[in-house]
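Welcome! Here is a short briefing to read with the model open beside you. Take a moment to look around before you start on the points below.

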Amino acid sequence: MLEEHEWKELSPLLTDAIRQIKSYREEHGASIAEAHAKDFGQSALAKYFELTGFRETNPNALWHHRASLLGAPCTTCGKPLRTSRARFCAECGAPRSNSAPHPEPLKQRSLSQPSSRRPGGRER
Ligand SMILES: [Zn+2]
């Protein structure tokens, strides 16, 4: 998982790769798969390796390595949602209870009122 300051180094490269993929697709009428086969995003992967020592091969997967990207804890099972935009909990399938763009308030409330969450509910 990348901390926020690491993410700031990586995300411009990722955004760049997406821009390249987009324009490649527009120019060549290529599918997403075809565009990805062109190895865009190598600089982002290199940066990720530099930051973490881990060789990720799929640039898209990098989006999921941002620590703060995890969403609010699921109100049903307490596991963090996979992304801040997740509409369903990947763990229990419960729909996200509120669509607030920023999940933080919920997190803070659970600190002072831990009764709804079990201690082992969070994985690292
Ligand atoms: Zn859940």
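In the protein chain, residues 24 or more positions apart account for 40% of the contacts with a separation of 6 or more; two residues are in contact if their C-beta atoms, placed from the backbone, lie within 7 Å. This is a predicted model, in which local features need pLDDT of at least 70, side-chain atom pairs count only at pLDDT 80 or more, and totals for chains, interfaces and linings use all residues. Residues are numbered from 1 along each chain as its sequence is written.

**The overall layout**

- The protein chain has five helices and zero strands, where helices (H or I, at least four residues) and strands (E, at least two) are DSSP runs numbered from the N terminus.
- Along the sequence, the pattern reads α-α-α-α-α.
- Of the 124 residues in the protein chain, 16% count as buried. A residue is buried if 20 or more other C-beta atoms lie within 10 Å of its own, exposed if 12 or fewer, and partly exposed in between, with C-beta atoms placed from the backbone.

**Two helices side by side**

- Two packed helices are described by the angle between their axes and the distance between the axes.
- Helix α1 (residues 4-28) packs with helix α3 (residues 42-52) at an angle of about 165°, and their axes are 8 Å apart. Axes are lines fitted to C-alpha atoms, for helices over the stretch in contact, and angles run from 0 to 180 degrees between N-to-C directions.
- The helices α1 and α3 are therefore roughly antiparallel to each other (angles under 35 degrees count as roughly parallel, over 145 as roughly antiparallel, 65 to 115 as roughly perpendicular and the rest as oblique).
- On the α1 side, E6, E9, L10, L13, L14 and A17 meet S43, A44, K47, Y48 and L51 of α3.
- The residues of this contact of α1 with α3 divide into seven nonpolar, one polar and three charged. Here Ala, Val, Leu, Ile, Met, Phe, Trp, Tyr, Cys and Pro count as nonpolar, Asp, Glu, Lys and Arg as charged, and the others, Gly among them, as polar.

**The nonpolar core**

- In soluble globular proteins, nonpolar side chains tend to be buried together.
- The largest nonpolar core has eleven residues in all: L2, L10, L14, A17, I21, A35, F40, A44, L45, Y48 and L62. Such a core is a set of buried Ala, Val, Leu, Ile, Met, Phe, Trp, Tyr and Cys residues joined through C-beta atoms within 7 Å.
- The elements giving two or more residues to this core are α1 and α3, and the largest share, four residues, comes from α1.
- Leaving aside neighbours within four places in sequence, Y48 is in contact with L10, F54, E56 and L62.

- D39 sits in the loop between α2 (32-36) and α3, and has a positive phi of about 65° although it is not a glycine. D39 counts as exposed because it has 10 C-beta neighbours inside 10 Å.
- R55 lies in the loop between α3 and α4 and counts as exposed, with 9 C-beta neighbours inside 10 Å. R55 and L45 are ten residues apart in sequence and 7.3 Å apart in space, C-alpha to C-alpha.
- N60 belongs to helix α4 and is partly exposed, with 15 other C-beta atoms within 10 Å.
- K79 is found in the loop between α4 (59-62) and α5 (104-112), and is partly exposed, with 19 other C-beta atoms within 10 Å.
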